[in-house]
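Please look over this model with me. My notes follow as numbered points.

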Amino acid sequence: MSIIEYEQGTRFPGKIGRTTADSSPAWPQPIRAREGAPNVLFFVLDDVGYGQLSVFGGLVDTPNIDRVAAMGLRYANMHTTALCSPTRACILTGRNHHSSGVACIMEMATGYPGYDGRMPFENGMLPEMLLLHGYNTFCVGKWHLSPSEENTAAGPFHRWPLGRGFERFYGFLGGETNQWYPDLTEDNKSLKQPKLPEEGYHLSADLADQAIKMILDAHVNAPEKPFFLYYATGCAHAPHHVPKEWIEKYRGKFDMGWDRYREVVSSRQKDMGLLAADAVLAECDPDVPAWDSLSPDQKKLYARMMEVYAAFVSFTDHHFGRILDTLEEIGELDNTLIMIISDNGASAEGGPVGSVNEFYFFNNVPENFEDNLARIDELGSPTTYNHYPWGWTWAGDTPFRRWKRETYRGGASDAFVVAWPKSIKSRGEIRRQFAHAIDMVPTVLDALGIVPPRTIRGVPQAPLEGVSFAHTFDSPDAPSKHTTQYYEMFGHRAIDHKGWRAVCPWPGPSIAEAASKGHQLGSPITPEDLLELDTKGWELYHIAIDPTESKNVATEHRDKLIELITLWYVEAGKYKVLPIDGSGVTRIATERPQTSVPRTRFIYYPDLSVVPALAAPPVQNRPHSIEADADIPAGGANGVLLAHGGGGGGYVFYVKDQKLCYSLNYVGKDIFEVTAESDLPEGRHKLRFEFEPSGKMNLSSGKGAPGRFQLYIDGKLVASKDVPYTTPIIYDIEGLSCGYDFGAPVLEGAYRPPFAFNGKIHSVTVDVGGELIKDDEAEMHRLMAQQ
């Protein structure tokens, strides 16, 4: 047999000829979706409460989400995990979050199986499944499902979107980003934003542009090929950034305050049929002050913060509408299965008074009301990193109690909209069947007639843990197939079972009530605590008649409570929830496997990808140096040598007007800088900055170690300055860049980013070999537990 015959016979079974002239090869057929297979679009919102969107009775206008609901269904009884990464793991895998190792956010992973942040490949994702059936798969926006330690340009990339079944990715890998200056990744590489805010840039618009481009790029080449688009914009997670003209549309709309907001919205929800007419609005929250108790200036500032939040959501909805319009223009809207969900309830991370810079919170810097009020007109702009007060969080979760991170319904019940005009006959109706985020994948597969794969890329697949609710699309009275669902988030536990709900709050039903018992947010649960909680800490609600958890009937129905507590432990054992972990500080401080071996010396080169914040040198509160080996051009130098952070805090080592400079931006409040008096001479030089601490950090006041800034040129001291304090914990999360300032400028107004260095940088070396200067450890843990 000739080589030609052999190859034709193995590759192209069928008619075999001696030459190509008398052969009829049978080409391997490409994988194609079945004829008429629908597109699938998931729109995942972030930190949006049940009672915020207009389609669920809220006062935030979302006409395009309303449009989807009008051609489909609203599910009034949808649930999530109460936190972002965990819910996203459920949405994409159809398994519980602990089963995927995502007990909480990726940055707080620990070593236990349900908590390690390493999503197992036996829990295949929906894009991996749909690829096997001829779909294009696109991920646009927030990922937050790969270990933060693996989000650098060194990878590994197997848990990035392209490693989990997506063919294209455009967005950001972490949990949040600056909407004006985002930390962008395209496919597997870091990307600089296409233009600056003053040129009209905003992330929500950019993400819509990219989603539309992905859809159309595929459509013009294979019009019949369906796609799966996972569209997760990051709205409305802080920072709440939005063009000012959108904010103005809401001026005065929230002057009523959060108490009245809850009354108005719950009434609207009853009128819409989302809430029973006799349902009781959850009582006032002990942590939230009555609106009428606030001063006029407090009301003015807090109302404006809500106006900014609402504008952010409406702006994002507007750009989502452009995607819908595109689908309609190419004739694909009717045959697109759309699901819209938020990853958890509204966020209370703005604290009781809100913030113009969320990094105050992360550095334990006290909010100053007068300073915040003075910046009221900057809210939403590139100069702020703002969040609203938790009174609006509570209002946003109407009619429920509490909020994100807690497993009361305010944290774990979310608005959910489904539409598929070609196949779902019902229009504008409400469904009340119990459902959870883990049910989305099974429902899509059921609707598409796809059996879950037994293997993906050779890896045997674990069973799906959610169930389909596709049978309810056109059957409003069909029973739910999802009868039992556990919840656990930072030790806060709950379980739903056949119309009953048990909740065990940790550290307490509210922060005020927890404090009265000596507990605080982020405290670990000791064996003694657990015994007391399981004996006395569980509450019981008959959700079938009390959907807002207003009446605790644990005493009247003790047998039912014991049944549900027992069932919670059964589910916990099944899905890797144990051991229960209520801690915050311990998780943050956990040493996790790193891509690189531990080091104290970091060498950088110019114009490379931004280094993620968590992979940057840990310079805070310790002696450290930064040394640049650089050529100064004839005519003088300008530009950044090394920058870390942004407008919310950070440092920049740079040359301006031929003078060597170092500046520290302390959480956007204070600037400490040192500048050489003389110009840099032409030629190659060693440019060095050193920090020598002179004391300990004072975490109780949010101040890092004081010390001395020093500048050297070729080993000669040229400038020195003592500073009273530095940043204690974290800079703005934009990351570190060499030779340019990535994203928002560390020094607003001092230069226009990227302010690239106009000479040649051979290398920049950061040395953090000095001993860490730290405060009393017990005091540090006490204060950090409040974060």
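1. Where is Ile543 found? Keep in mind that this is a predicted model. Ile543 sits in the loop between strand 17 (539-541) and helix 16 (558-574).

2. Is Ile543 buried or exposed? Ile543 has a relative accessible area of 12%. The cut-off for buried is under 20%, so Ile543 counts as buried.

3. Now look at the neighbours of Ile543. Leaving out residues up to four places away in sequence, Ile543 touches Arg409, Asp496, Gly499, Trp500, Arg501 and Glu549. Lys560 lies 17 residues from Ile543 in sequence. In space, the two are 13 Å apart, C-alpha to C-alpha.

4. Next, the cavities. How many of 30 Å³ or more does a search of the whole structure find? There are three.

5. The largest cavity holds about 90 Å³ of space. Its lining includes Val619, Gln620, Asn621, His624, Tyr662 and Phe709. Strand 22 (659-666) and strand 24 (683-693) each supply at least two lining residues. By class, the lining has seven nonpolar residues, five polar and no charged.

6. The second largest cavity holds about 60 Å³ of space. Among the residues that line this cavity are Asn39, Asn136, His219, Lys225, Phe227 and Glu332. Which helix gives the most to this lining? Helix 5 (residues 203-221) does, with three residues. The lining of the second largest cavity divides into six nonpolar, three polar and two charged residues.

Terms used
Residues numbered from 1 in each chain as written. Predicted model: local features only at pLDDT ≥ 70, side-chain atom pairs only at ≥ 80, totals over all residues. Heavy atoms only, no water. 1 Å grid on protein atoms, 1.4 Å probe; cavity = no way out; pocket = protein on both sides within 12 Å on 5 of 7 lines; lining within 4 Å. Points joined across faces, edges and corners; volume = space filled by probe spheres on them. Helix = DSSP H or I, 4+ residues; strand = E, 2+ residues; numbered from the N terminus. Nonpolar A, V, L, I, M, F, W, Y, C, P; charged D, E, K, R; others polar. Buried < 20%, exposed > 50% of the residue type's maximum accessible area, 1.4 Å probe, protein only. Contact = heavy atoms within 4.5 Å.
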